[in-house]
Each structure stands twice: as C-alpha cells, then as structure tokens.
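Welcome! Please take a look at the sequence and the 3D structure below, and then walk through the briefing that follows.

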Amino acid sequence: MQKQDAYLINKSGKQRALSQNITKIVFSIDNDSSDTLRLNSLKTVIDEFESTHNYLINTNKEGENNSTIDSLLKTSELQLKKIVSSSRNIINDPDSEFLIKDVNTIAKVEPFFLLTMDALVNEYQKNAEKNLQNLKLIIYFLVLIAVLILIGELLFVLTPGLKQLFQRNKELREATTELAISENKLNLNALELKKLKKYLEAKDEHNKIFIEQSPIAIAMVDNNMRYIAVSKRWITDYKMEGKEFIGRSHYDLFPEIGEEWKKMHQRCLNGAIDINDEEPFIRTDGSLQWITWDVRPWYDSDGNIGGILMQTGDITKRKKTENELLRKNQLLTFAEKITMMGNWQWDLTTNAVKWSANLFQIFGLDENSDVSYDTYFSFVHPDDKEMVTEHVQKSLEDKKFDDLSHRIKLKDGTVKIIQLLAEIITNKDGELIEMIGTCQDVTEQRMAENKFRGLLESAPDAMVIVNEKGHIQLINKQAEILFGYSALELIEKSVEILIPKRFTGNHEKYRDSFFTNPKVRGMGVGKELFGINKEGIEIPIQISLSPLQTEEGLLVSAAIRDITEQKLAEHKILQAKESLEVLTQHLTDQNNQLADFAHITSHNLRSPVSNLNALLHLYNISDSEEERKLLFEKFEIVISHLTSTLNTLIEALKTKKGVAKEIEFIDFEEILSITKEIISGQIIKSNATITSEFSRIPKIKYHKTYLESIFLNLVTNAVKYRSPDRNPEIHIETEYINDKIKLTFRDNGLGIDLKKHGHKLFGLNKTFHRHPEAKGVGLYLTKIQIESMGGIISAASEVNKGSVFTIIFNEDRNEKPL
C-alpha cells in the first residue's frame with residue numbers, strides 16, 4: 001500500500017514536470033519552427049503526458065474512491081486536453097499561421113494545470129499519510145491480540161481465583177491501552193492538522209503571489225464574488241490602475257456587468273466551467289472592449305468550491321485588425337468588380353483550385369460551385385484549347401508564366417476575351433508548389449481597340465502615339481501630311497525626329513514628367529512650339545497630350561495642330577492690341593479716379609449730412625433761444641467742413657499723377673479736432689468722451705484727405721456702434737513699432753464677433769450689427785485708403801467689451817519728430 005501511494009505521488013509530481021517541459025519546448029519551437037529534433041521531443045513528452053494521466057485516472061477508479069482526487073483529475077483532464085490538442089497542432093503543422101494561437105493557449109492553461117497538480121499531489125500525500133496511520137493501528141491491534149492470547153493461556157492454567165483478578169486487570173489494561181491509543185491519535189491528528197493548516201496557508205500565499213505576478217489577466221474571487229487575488233495584467237487590461245481590489249465586490253468595481261454574465265458566474269460557483277473566445281464588453285465610459293474568458297470554480301482542501309478563477313484576454317486590437325482586414329477584402333472585391341477582374345489559386349501538389357467571387361461572375365457560375373483546372377478548361381473556346389494547353393505546359397516547364405489572352409465560351413453561348421496574368425511558386429528545391437494569378441474580362445477593351453484605329457483616322461488633327469521610351473508606335477494620315485513622312489518611315493523611330501534640335505535637350509525630362517503623372521495637358525502653354533518636317537522646315541504647332549492605357553502599357557497620345565495661319569492672325573491682333581492698350585490705360589485711370597471719388601464722396605458726405613440731421617433734430621426740440629443759437633453756430637461749422645471736403649475731393653479728382661503731390665505733414669490733433677467738429681451733434685447726443693495721446697508722434701507725412709476719412713470713419717463707427725449699457729469712450733494714440741508709426745483707435749462699444757465675422761470684417765457692404773445706418777462701406781474704404789499708401793490695418797475685438805483698430809503706416813511715409 002505504501003509503495004502504491006509513493007508511486008502515485010511520484011506520478012502526479014511527474015505530470016507537473018512534464019507540463020513545464022511541454023511549455024519550454026513549445027516556446028523554443030515558436031522561435032524556430034524548423035527544429036525537427038524539438039518536434040520529436042515534444043511528441044515523446046506528449047505521449048508520456050497522456051499515458052501518465054490515463055494511469056492516474058484508472059488507478060483512482062480501481063482503488064478506493066476519493067471524491068477530491070476524482071474532482072481534481074476531472075479538472076486537470078480539461079486542461080490536459082487543451083495542452084495536448086494545441087501541442088499536436090504544432091507537431092502536425094509547425095509553420096501554420098495559427099502557431100502563435102496554440103502557443104498562447106498552452107501558456108494560458110499551463111499555470112492552472114500546475115495549480116491543479118499541486119492540489120493533487122497534496123491530496124495523494126494526505127491519503128498516503130492516512131493509509132500509513134491505519135497500518136500502524138492494525139499492527140498495534142495485532143500485537144495487542146497476541147499479548148491477550150498469551151495472557152489468556154496463562155490464566156487458563158492458573159487457579160480460578162486468580163482468573164477473576166487477571167480478568168479485572170485485563171479489562172483495566174485494555175481500557176488503559178485504548179485510552180493511550182486514543183490520546184496518541186488525538187495528538188497525531190492535532191499535529192497533522194497544524195502542519196496541514198501551515199501548509200495550506202503557505203499554499204494560499206504562494207497561489208496569491210502566482211496570480212498577482214501572472215503575465216495573463218487572472219483574478220480569484222470567493223463565493224460572494226469578492227476579490228482574493230488579482231494579477232497586474234488584469235488591472236492594466238481593464239484600465240483600473242490605482243483601484244483597491246482585495247476584499248471588494250467584482251460587481252462594485254465593474255458596475256457595467258449585465259445579468260447574463262452574473263448568471264454565468266453563479267453557474268460556475270455551482271461547479272460549471274464557461275469558456276468564450278470573444279465577447280463585446282461595453283465599459284461605463286461607453287468604450288468598447290473585446291475580451292475572451294475562461295471561468296471555472298476553485299476548490300478548498302476539503303473539496304468544496306471556494307469561489308471562481310477568471311482568466312480573460314483583451315482582444316480589442318485583434319478585432320480591430322480583423323475588421324480592417326474584412327474592410328480591405330471588401331475593397332478588393334469591389335476593385336475586382338469595377339475592373340472586371342478575379343483572382344485564382346492552383347495548388348500544383350494537391351491539384352486544388354480556388355476562385356474569387358468575381359471570377360465566378362466572369363464565368364457565369366454560382367459561387368458555391370466546385371471548381372478545378374478542368375472546370376476552367378471546359379470554358380476555353382474550342383478554337384483556343386490547343387493554344388491554352390501548350391501555353392500552360394510551357395509555363396510549367398519554364399517555371400514562368402507569360403501573359404496570355406484567349407476566348408472563353410459561357411454556357412449561354414456568350415463569348416468573352418480574358419487575359420491571364422500569373423506567378424509560379426516553387427520551394428527551395430525548385431519544385432512546383434502553386435500557381436496564383438488574375439483573370440480579367442477584356443472583351444470591351446479589345447472591342448474598343450478595334451474602334452480606336454477608326455477614331456484615330458477620323459481625328460481632325462495629326463495624331464502621334466508614343467511609348468515611354470519616346471518611340472513612335474502609331475500615326476494617322478493627317479500626321480503623314482503634316483510632317484511629310486510615311487507611317488513606315490516613323491514607326492519605332494524616336495519622336496525627336498519631329499522636334500527641332502534646339503528643343504530636344506528638354507524633351508526627355510518633359511516625357512518622364514508626363515509618365516510619372518499621366519494626365520491630359522497642353523504642352524508649352526504661353527510658349528511658342530515648333531515641329532520640323534521631312535524637308536527640315538519648322539512648323540508652328542499646338543500640342544495636347546493624353547494618357548492611353550493599353551496591353552503594352554501606358555502610351556501618350558499627342559494631338560498636333562498646325563497653327564501657321566493662326567500665328568499670322570495673332571500677329572495682326574497684337575498690333576491692334578498695342579494700339580488699344582494706350583487708350584485702355586487712359587480710360588482705366590479715369591475710371592479708377594471716378595470710382596475712388598464716388599466711394600469717398602458717398603461715404604464721407606454721409607457723416608456730415610447725418611450730423612446736420614442730428615443738429616436739426618436738436619435745434620427743433622431745443623427750448624431756449626440760447627441753445628438754438630449755439631446749435632446754429634455748429635450748423636455753420638459743419639457746413640463749412642462739408643464745403644471744404646467737397647472742394648478737396650474735387651481737387652483730388654483733378655490730380656492725374658497719383659497721390660505723390662498731395663503728401664504733406666499733417667498734425668494728428670488737428671485732424672481729430674476736425675473730426676469732432678464734423679460729428680459734434682452725434683457726440684453730444686451720445687454723451688461720448690474722446691481722448692488722445694499724440695505726444696510721442698504728433699505729425700505724419702501723409703495724404704490729408706485719406707487721413708481725415710480714416711479718422712472720420714473709425715470715430716463715427718465707435719459712436720454709432722456704442723453699447724446701450726454705457727457712455728461711449730474712445731481713445732486714440734500714436735507710437736513707434738519697429739521704426740514705423742502705429743495709430744490705435746480703442747472703444748468700449750458693442751464689439752464684433754471675429755470668429756464669426758473676422759473673415760469679412762473689411763469687406764464691401766459687410767455689416768455686423770442691425771444698425772439702421774450700417775452700410776458696410778466705411779471699413780472697406782478705410783482699408784483701401786490705408787493699403788493704397790502702403791500701410792496695413794488690423795482689428796481686435798470682444799463682444800460687449802469693445803474694439804481696437806490698429807494702423808501701421810509705411811515707414812517710407814513716416815518722419816520721426818525731433
């Protein structure tokens with residue numbers, strides 16, 4: 001019995017070592033799948049792994065039935081099957097694209113298998129110690145029986161008087177012996193329980209450390225779904241860094257878990273195992289996470305379910321990759337449809353053939369049809385079968401497939417022309433493995449090529465078709481007439497035969513540029529182009545290039561037109577044009593002056609007129625004669641400035657040599673005073689305050705009319721678009737910035753939403769407030785006047801806080817004060 005127990009402990013311990021050996025070999029195969037020695041070694045270990053497991057199961061069935069050992073063996077059998085299945089997949093096809101999946105499966109299952117084997121070895125040890133204790137009791141019992149027999153024989157020969165005494169002593173000794181045995185058992189059991197408790201505590205701590213440091217996402221919870229241990233990968237996979245897990249409910253940490261998953265957890269707490277290869281997990285923040293899981297119960301030392309182990313994997317990236325691959329496959333299918341093309345594969349080892357969906361459509365077959373090489377060959381046109389057979393045989397012999405075009409005949413009698421492109425794949429020994437390629441329906445293309453010749457000849461211009469090397473491939477009759485060559489004299493000749501030598505140096509560069517970016521284009525736009533005929537006479541021409549895609553590759557179609565007569569007509573037109581330009585320039589100058597005068601007049605006169613209306617209104621509502629007298633004096637001032645403005649504008653209109661003569665030194669304070677006087681009525685009515693700081697730069701060398709207009713427009717706007725919540729405050733100042741004069745107008749008015757209106761701030765007829773007098777001319781005119789003098793204007797504004805307009809004058813117009 002002891003020998004059998006020791007053998008079982010050894011066997012279960014060996015299973016643990018074998019699983020670690022399997023994992024070690026599998027990882028080495030992952031790094032080098034061509035190592036046959038490791039593959040053979042893996043097969044040997046797997047066979048022994050299965051054999052040992054079967055021995056343990058059979059032994060448990062034949063011997064004393066132990067429910068804990070039976071449960072552990074059943075649990076380990078599920079894990080063993082995954083390890084064995086994945087290992088055999090690797091042995092059978094180590095170069096498979098699923099190798100990494102099988103390796104990962106073994107890596108995930110092996111830690112759980114080790115935990116199960118540890119528990120199994122522990123149970124075998126407990127069972128062996130129990131059997132040993134039972135054996136000791138049997139020996140003690142036999143010794144006791146022998147002693148009793150000896151005593152019985154002695155008592156049989158002694159006197160009957162002593163018999164009763166010995167009987168009493170015997171009973172006493174038996175009671176004492178039983179008491180000693182019971183006490184010894186109790187001591188041994190207490191010691192065993194103490195050792196077992198210490199062992200289990202150490203085991204639990206080991207398991208927690210194993211789980212915490214596991215490279216996979218794994219968590220251990222109790223029957224109330226409260227965390228006992230959790231791996232670091234679990235925390236990072238679910239982005240729960242900094243969260244406290246131990247002792248907390250799984251559902252508190254993951255409130256997004258639904259009822260279906262909670263039911264699954266309860267099934268596992270009742271002994272079930274749940275495995276899922278992919279499932280969407282919508283987090284509380286709305287993000288989507290794809291996960292896999294393996295959820296199963298864990299058992300305590302008494303064989304009772306203590307909770308569940310949850311092993312998960314984050315496959316979100318893999319799902320995104322799969323979705324992207326699906327999208328690309330859909331694009332490929334779409335591309336095949338629009339190009340009337342399908343792809344195919346022919347396994348030359350197994351003779352298996354695969355077609356893409358669009359290839360079935362080209363041949364008029366259902367997508368679920370079985371296909372082979374004979375299927376394809378049955379569609380080949382009877383007149384082309386011999387040619388196709390010879391071409392395929394030659395391709396297999398030469399291990400190279402040249403492009404092939406031939407006819408096919410569909411079941412409904414339709415005849416199509418297809419073009420085959422293929423690549424032959426061989427192994428490292430040069431043996432044929434596979435042929436892959438494309439099949440394109442070029443029926444319409446071929447029909448178009450037949451029509452192309454007729455279209456070429458019907459073209460009104462000379463047509464020359466050239467390949468990428470610059471060799472002439474085709475010309476029409478018009479080209480023969482234009483250049484004096486026959487078609488036979490030009491075919492395969494360099495196109496430079498038709499170009500004068502002074503242009504041939506750049507021809508290759510232009511040709512390469514066209515083939516790099518092929519598109520319809522006119523050559524030499526804005527330049528004079530010439531061709532040269534057979535007699536050496538240069539001909540003025542126009543050239544239009546177009547890309548032409550053919551079976552032979554990309555060609556360029558050049559449409560060439562003789563423009564000799566057009567050049568003569570252009571020369572006459574140029575002479576007439578030169579005569580007209582003088583007159584046109586004169587009229588343009590006059591129109592510009594009239595437009596400038598019209599803009600300034602229509603805008604600059606609006607403010608004085610508006611001011612007169614305001615003064616008239618104040619005059620009509622005034623109560624005293626003294627007020628009316630004061631207002632009448634302002635009438636005289638405004639009318640005087642209005643007259644001055646009209647006279648100035650008339651003088652400006654008379655000037656025909658630009659603004660150079662009108663440049664003069666102007667005092668900023670004087671211009672501001674004039675502005676205040678012109679809009680005095682608006683200032684009084686709005687209770688506006690205007691301040692200035694011109695001490696740094698009191699004067700500027702500028703166009704006076706323009707500066708007056710700038711001041712008038714910007715100050716008037718500041719008053720006009722004032723805030724209804726406060727009196728308008730306007731501040732104007734000058735300073736130097738980078739040796740240029742900077743003039744700033746600052747107000748506390750309504751402000752402008754520059755995010756909404758900034759792009760059209762200085763546009764003509766653009767308004768930004770629902771003011772009845774807004775015309776959208778002032779800022780436009782101001783900008784034109786400033787830029788015409790070489791300056792720039794910009795604006796900064798905040799709604800309901802005010803605006804700042806900044807003018808930077810051209811430094812050539814400035815003069816610093818002494």
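A residue is called buried when its relative accessible area is under 20%, exposed when it is over 50%, and partly exposed in between, using a 1.4 Å probe and the protein chains only. This is a predicted model, in which local features need pLDDT of at least 70, side-chain atom pairs count only at pLDDT 80 or more, and totals for chains, interfaces and linings use all residues. Residues are numbered from 1 along each chain as its sequence is written, and side-chain values use heavy atoms, with hydrogens and water left out.

**The chain as a whole**

- The protein chain has 24 helices and 23 strands; here helices (H or I, at least four residues) and strands (E, at least two) are DSSP runs, numbered from the N terminus.
- Of its 818 residues, 38% count as buried.
- The chain exposes about 48,600 Å², and carbon and sulfur atoms supply 54% of that area; accessible areas come from the Shrake-Rupley method with a 1.4 Å probe, and for residues only the protein chains shown count as cover.
- A contact means heavy atoms within 4.5 Å. Among contacts between residues at least 6 apart in sequence, 57% join residues at least 24 apart.

**Salt bridges**

- A salt bridge is a side-chain nitrogen of Lys or Arg within 4 Å of a carboxyl oxygen of Asp or Glu, and by this rule the count comes to 25.
- One of them joins the side chains of K319 and E278, at 3.3 Å from N to O. This pair links distant parts of the chain, with K319 in helix 9 (residues 316-338) and E278 in strand 3 (residues 274-282), 41 residues apart.
- Are these two partners buried or exposed? K319 counts as buried because its relative accessibility is 10%, whereas E278 is partly exposed, with a relative accessible area of 33%.
- K704 forms a salt bridge with E670, and the closest N and O atoms are 3.9 Å apart. K704 lies in helix 22 (residues 704-720) and E670 in helix 20 (residues 668-678), so the pair ties together parts that are 34 residues apart in sequence.
- K801 is exposed because its relative accessible area is 57%, while E798 is partly exposed at 44%.
- K43, D47, E50 and R88 are linked in a network of salt bridges.

**A cavity to look for**

- The structure holds four cavities of 30 Å³ or more. On a 1 Å grid over the protein atoms alone, a cavity is a set of points where a 1.4 Å probe fits but cannot get out, and lining residues have an atom within 4 Å of a point.
- About 200 Å³ of space lies in the second largest cavity; grid points are joined across faces, edges and corners, and a volume is the space filled by probe spheres set on the points.
- Which residues lie nearest the centre of the second largest cavity? Of the 13 residues that line it, these are W344, W346, Y373, Y376 and L420.
- Strand 6 (341-347), strand 7 (353-355), helix 11 (373-379) and strand 10 (432-441) are the elements that give two or more residues to this lining.

- I308 lies in strand 5 (residues 305-314) and is buried, with a relative accessible area of 0%.
- Not counting residues up to four places away in sequence, I308 touches residues including A219, M220, H265, V295 and W298.
- P500 sits in the loop between helix 15 (487-490) and helix 16 (501-516), and counts as buried because its relative accessibility is 2%.
- Leaving aside neighbours within four places in sequence, P500 is in contact with F530, G531, I532 and E538. P500 and G531 are 31 residues apart in sequence, yet 6.1 Å apart in space, C-alpha to C-alpha.

**Backbone angles worth a look**

- Most residues other than glycine have a negative phi.
- K239 has a positive phi of about 55° although it is not a glycine. K239 lies in the loop between helix 6 (232-237) and helix 7 (250-253), and is exposed, with a relative accessible area of 63%.
- K399 has a positive phi of about 60° and is not a glycine. K399 lies in the loop between helix 12 (385-398) and strand 8 (404-409), and counts as partly exposed at 42% relative accessibility.

Definitions and conventions
On a 1 Å grid over the protein atoms alone, a cavity is a set of points where a 1.4 Å probe fits but cannot get out, and a pocket is an open set with protein on both sides within 12 Å along at least five of seven lines; lining residues have an atom within 4 Å of a point.
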